[in-house]
Amino acid sequence: MATGDWDLAIRLAARFRSLGEYGEAIKRGKEAMDNPELYQQLGRNLTQIKDEAIEALKKKYNLSWDAAMKSRKR
């Protein structure tokens, strides 16, 4: 997350067991990256799915995200 590599962050987080209410969005983001053609055929917007996964990561790990952003500004 700190480096802005959202694809990697989504892929890693999707493996975690304890994602709580954010799990669905994060896992859907990974699935959409792994199977973009399927999601396009279903009429889903891949950018929106990824944005939702990123937002879920930020909310789930908000303390870590805040710390990472503060260290980048230094």
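Modeller: A salt bridge is a side-chain nitrogen of Lys or Arg within 4 Å of a carboxyl oxygen of Asp or Glu. The model is a predicted one, in which local features need pLDDT of at least 70 and side-chain atom pairs count only at pLDDT 80 or more, whereas totals for chains, interfaces and linings use all residues. Residues are numbered from 1 along each chain as its sequence is written, and side-chain values use heavy atoms, with hydrogens and water left out.

Biologist: How far apart are N and O in the salt bridge of Asp34 and Lys30?

Modeller: Both residues belong to helix α2, where a spacing of 4 residues means that about one helical turn separates them. Helices here are DSSP runs of H or I with at least four residues, strands are runs of E with at least two, and both are numbered from the N terminus. The side chains of Asp34 and Lys30 meet with an N to O distance of 2.4 Å.

Biologist: Is Lys30 buried, partly exposed or exposed?

Modeller: Buried means under 20% relative accessible area, exposed over 50%, and partly exposed in between, with a 1.4 Å probe and protein chains only. Arg11 has 30% relative accessibility and so falls in the middle class, as does Asp34 at 33%. Lys30 has 23% relative accessibility, and therefore it counts as partly exposed.

Biologist: How many residues apart in sequence are Glu52 and Arg28?

Modeller: These two side chains form a salt bridge with an N to O distance of 4.0 Å. Glu52 lies in helix α4 (residues 46-60) and Arg28 in helix α2, so the bridge ties together parts of the chain whose separation is 24 residues.

Biologist: How many salt bridges does a search of the whole structure find?

Modeller: The number of salt bridges found in the whole structure is 5.

Biologist: At what angle do α1 and α2 pack?

Modeller: Two packed helices are described by the angle between their axes and the distance between the axes. Axes are lines fitted to C-alpha atoms, for helices over the stretch in contact, and angles run from 0 to 180 degrees between N-to-C directions. The axes of α1 and α2 are 8 Å apart, and the packing angle is about 120 degrees.

Biologist: Which residues does Ala25 contact, leaving aside its neighbours within four places in sequence?

Modeller: Contact means heavy atoms within 4.5 Å. The C-alpha atom of Ala25 is 8.5 Å from that of Lys50, which is 25 residues away along the chain; Lys50 has its place in helix α4. With sequence neighbours left aside, the contacts of Ala25 are Glu52, Ala53 and Ala56.

Biologist: Which residues have the most contacts inside the largest nonpolar core?

Modeller: A nonpolar core is a set of buried Ala, Val, Leu, Ile, Met, Phe, Trp, Tyr and Cys residues joined through side-chain atoms within 4.5 Å. The largest has 13 residues, and the elements that give two or more residues to it are α1, α2 and α4. Ile10 touches residues including Ile26, Met33, Ala53 and Ile54. The residues with the most contacts inside the core are Trp6, Ile10, Ile26 and Leu57.

Biologist: What percentage of the residues in the protein is buried?

Modeller: The protein has 5 helices and 0 strands. Of its 74 residues, the buried share is 27%.
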